Amino acid sequence: MKPAEGHQRVVIERVTPEIDCGRFPSKALVGETVTVEADVFADGHDSLSARLLYRKGDETEWTETPMKFLGNDHWRGSFVAQEPGNYYYTITGWVDRFQSWRNDLVKRVDARQEDIDLYLVMGAGLVADAATRADKADGGKMKQWADFLKSGQAERREKIKLALSDELAALMDKY
């Protein structure tokens, strides 16, 4: 899947704070937390992820922070206004293939389905793909994990433990 394909299905609406369709800035004091909320949704039952991107007016690089899902398509993220001046922010959302796979894996494990080994191989492909975008250290670790998930030698229980680990989820979210 090309990176843009997952973005095309995602809709972002009702962004706050927003004054007159963004024509006027909202205000915050230095050191104050700016909380941004929006509805982020897509067709189907795939899991989504969203990030808040922000920058000070004279900067060119965006800082990213994950948004938290609050329920019913509503997400929240925040940043701190460190200095006086204008800040710009935007939201990006996408279909999270790994999180969708992980949620399905939990359901399959709970239902004691027989095709879990095949499903772990599918997850290994997602991890290996993300490893190609990672830096050298993380990419090497992710490649090892992908090999482990599709290994015929490792125990299913250990593979599932790795697949559902917070460490793997954090690296997949990063890349």
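In strand E4 the bridge partner of Leu 52 is Thr 65. Strands E3 and E4 run antiparallel and are joined by 4 bridges; two strands are taken to pair if DSSP finds at least two bridges between them. Helices (H or I, at least four residues) and strands (E, at least two) are DSSP runs, numbered from the N terminus. The structure is a predicted model, in which local features need pLDDT of at least 70 and side-chain atom pairs count only at pLDDT 80 or more, while totals for chains, interfaces and linings use all residues. Residues are numbered from 1 along each chain as its sequence is written, and side-chain values use heavy atoms, with hydrogens and water left out.

The pairing of E3 with E4 belongs to an open sheet of 3 strands in the order E4-E3-E7, with antiparallel pairing. Its edge strands are E4 (63–66) and E7 (87–95), each of which pairs on one side only. From one strand to the next, the twist averages 25 degrees; the axes are lines fitted to C-alpha atoms, for helices over the stretch in contact, and angles run from 0 to 180 degrees between N-to-C directions.

A further open sheet is formed by 4 strands in the order E1-E2-E6-E5, again with antiparallel pairing. Strand E1 (10–16) and strand E5 (68–71) stand at the edges with a single partner strand each, so one side of each is left without a neighbour in the sheet. Here the twist averages 35 degrees from one strand to the next. Strands of a sheet pair through backbone hydrogen bonds, either parallel or antiparallel. E1 and E2 (residues 33–42) pair in the antiparallel sense over 5 bridges. Within this pairing, Thr 16 has Glu 37 of E2 as its bridge partner, and Glu 13 has Asp 39 of E2. Asp 39 also stands opposite His 74 in E6, and E2 and E6 pair in the antiparallel sense over 7 bridges.

Thr 16 is joined to Pro 17 by a cis peptide bond, with omega about 0 degrees, and Pro 17 lies in the loop between E1 and E2. Arg 14, placed in strand E1, has a positive phi of about 50 degrees although it is not a glycine. Arg 14 counts as exposed at 60% relative accessibility; buried means under 20% relative accessible area, exposed over 50%, and partly exposed in between (1.4 Å probe, protein chains only). Asn 72, found in the loop between E5 and E6, likewise has a positive phi of about 50 degrees without being a glycine. At 73% relative accessibility, Asn 72 is exposed.

The aromatic side chains come next. A pair of aromatic rings is described by the distance of the centres and the angle of the planes. Rings of Phe, Tyr and Trp (its six-membered ring) pair if their centres lie within 6.5 Å; planes under 30 degrees apart count as stacked, over 60 as edge-to-face and the rest as tilted. By this rule the count comes to 6 aromatic pairs. One of them, between Tyr 54 and Phe 79, is stacked, at 4.4 Å centre to centre and with 10 degrees between the planes. Tyr 54 lies in strand E3 (residues 48–56) and Phe 79 in strand E6 (residues 74–80), so the pair ties together parts that are 25 residues apart in sequence. Tyr 54 counts as buried at 19% relative accessibility, and Phe 79 is buried with a relative accessible area of 4%. The rings of Phe 79 and Tyr 87 have centres 5.9 Å apart and planes at 35 degrees, so this pair is tilted. Tyr 54, Phe 79, Tyr 87 and Tyr 89 form one aromatic cluster.

Aromatic rings also meet charged groups. A charge sits over a ring if NZ of Lys or CZ of Arg is within 6 Å of the ring centre and within 35 degrees of the ring normal. The charged end of Arg 55 sits over the ring of Trp 62, 4.8 Å from its centre, and Arg 108 lies over the face of Tyr 119, at 4.1 Å from the ring centre.

Helix H6 (residues 166–174) has Leu 168, Ala 169, Leu 171 and Met 172 buried. These residues cover an arc of only 165 degrees around the axis, which puts them on the same side of H6; the arc is that of the directions from the helix axis to the C-beta atoms. The face turned away from the buried side of H6 carries the exposed residues Asp 166 and Lys 174. The buried residues of H6 pack against helices H2 (97–110), H3 (116–131), H4 (136–150) and H5 (156–163), where contact means heavy atoms within 4.5 Å.
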